[in-house]
Amino acid sequence: MDGRRDDAESGAHGEDATSESEEGNVTPDSDEGEREPGERERRPETDRADGRATGTGTADQNAVDRDAAERTVGDRDAEHRCAGDPDAGDPPADDDGAADRPADRPPCVHVRKLDVLDTLRWSWGVARHRRELFGVALAAGLPAVAAVAGVTRPSPTADLEIADWVLPAYLAQLLCAAVAAGVFSLTAADAVASETLTAEARPLRARVVAAVRRLPALVGTGIAVALLLGLAGLPAYGAIESGRYSLGLLALLVPVYVLDRLLLAFQACVVDRTGPLASVRAGWRATGENAGKVFAVAVAYLLVVLGSDYVSAAFGGPYDVAPAVVGAVAGAVLFPVFGLALAHLYLESSRNW
């Protein structure tokens, strides 16, 4: 009797354990028993996060995950486009077949704003780590040296004799200076994108080719800027012609202000590959908050150039080759620094709109 009672009680306990196991969906072979408590608590969240892949998540959770994934991919593509990645949808920087980019496109890179002295120090640091820019500036100044060699004066009282190739040499010097300024602007854009002065820039040949391809747009931008400056200077010209010199000098502030506001149009033309009119609008907009800094950098460059001309005059007369060579060497040092500074001023304005 006692043995049968013990067997019956053990059987009852077995049935209760079996029912509890079935109600809890727990089997002896399940790996739930092997998991740590923390793992069992994290599994529902993991299953929900992987719901789209496993098919066990809810429809709402799948939609949220899908939207988050699309936003992540979109952000990553935008970063690639900002860095000039040709695989991200935008054409390469030196693709002349691409259409001009709009001047008011949304910004994608934040550029730290600097004061005038810090901007010049930054420009000197970039030029010092990319010394090929000094060679580019020197090459851009050589046509002017050749032009000076074509102007002679046989005697102090004789008229100047100007060779036929002097004017083409000066025109070539202007075009070379435009290409050099474009190279400086592209170098500044690379330095800003890499966020370090010592980062490797695109090859010099690629920068030169990209700047040369922007020459037609640069010429058009220069013509537009010259026309606007001429219109702004008409009141000053009329006042001076009529003998009202005080009013004329005061009216000269108008073209000076217009030039200051349009000085960054050339950087916009090269860096953002905009057309002449779009470049003028972008340059005007970029100097909205930086007009004072642009004016200070331009005045500093003008004063330094005048000082270098004064020093070079000690090596000969205005039509001697020696002063022209000294001026070209001085320009090879100054031109890259101030060209990079203006490019940085454009980037810190246009990229922080």
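At what relative accessibility does E348 count as buried? The value is 0%, so E348 counts as buried (buried means under 20% relative accessible area, exposed over 50% and partly exposed in between, with a 1.4 Å probe and protein chains only). The model is a predicted one, in which local features need pLDDT of at least 70 and side-chain atom pairs count only at pLDDT 80 or more, while totals for chains, interfaces and linings use all residues. Residues are numbered from 1 along each chain as its sequence is written, and side-chain values use heavy atoms, with hydrogens and water left out.

Since E348 lies in helix α15 and K293 in helix α14 (residues 291-312), the pair ties together parts that are 55 residues apart in sequence; helices here are DSSP runs of H or I with at least four residues, numbered from the N terminus. K293, at 17% relative accessibility, also counts as buried.

The count of salt bridges comes to six. Another of them joins R351 to D272, with the closest N and O atoms 2.7 Å apart. R351 sits in the segment after α15 and D272 in the loop between α12 (265-271) and α13 (276-286), 79 residues apart, and both residues are buried. Y346 touches R351 and D272, and its other contacts include L264, Q267 and V271, leaving aside residues up to four places away in sequence (contact means heavy atoms within 4.5 Å).

Finally, helix packing. The axes of α7 (residues 166-194) and α9 (residues 215-241) come within 11 Å and cross at roughly 110 degrees; axes are lines fitted to C-alpha atoms over the stretch in contact, and angles run from 0 to 180 degrees between N-to-C directions. The two helices are therefore roughly perpendicular to each other (65 to 115 degrees). L175, A178 and V179 of α7 make the contact with L215, L218 and V219 of α9.

How values were computed. Angles under 35 degrees count as roughly parallel, over 145 as roughly antiparallel, 65 to 115 as roughly perpendicular and the rest as oblique. A salt bridge is a side-chain nitrogen of Lys or Arg within 4 Å of a carboxyl oxygen of Asp or Glu.
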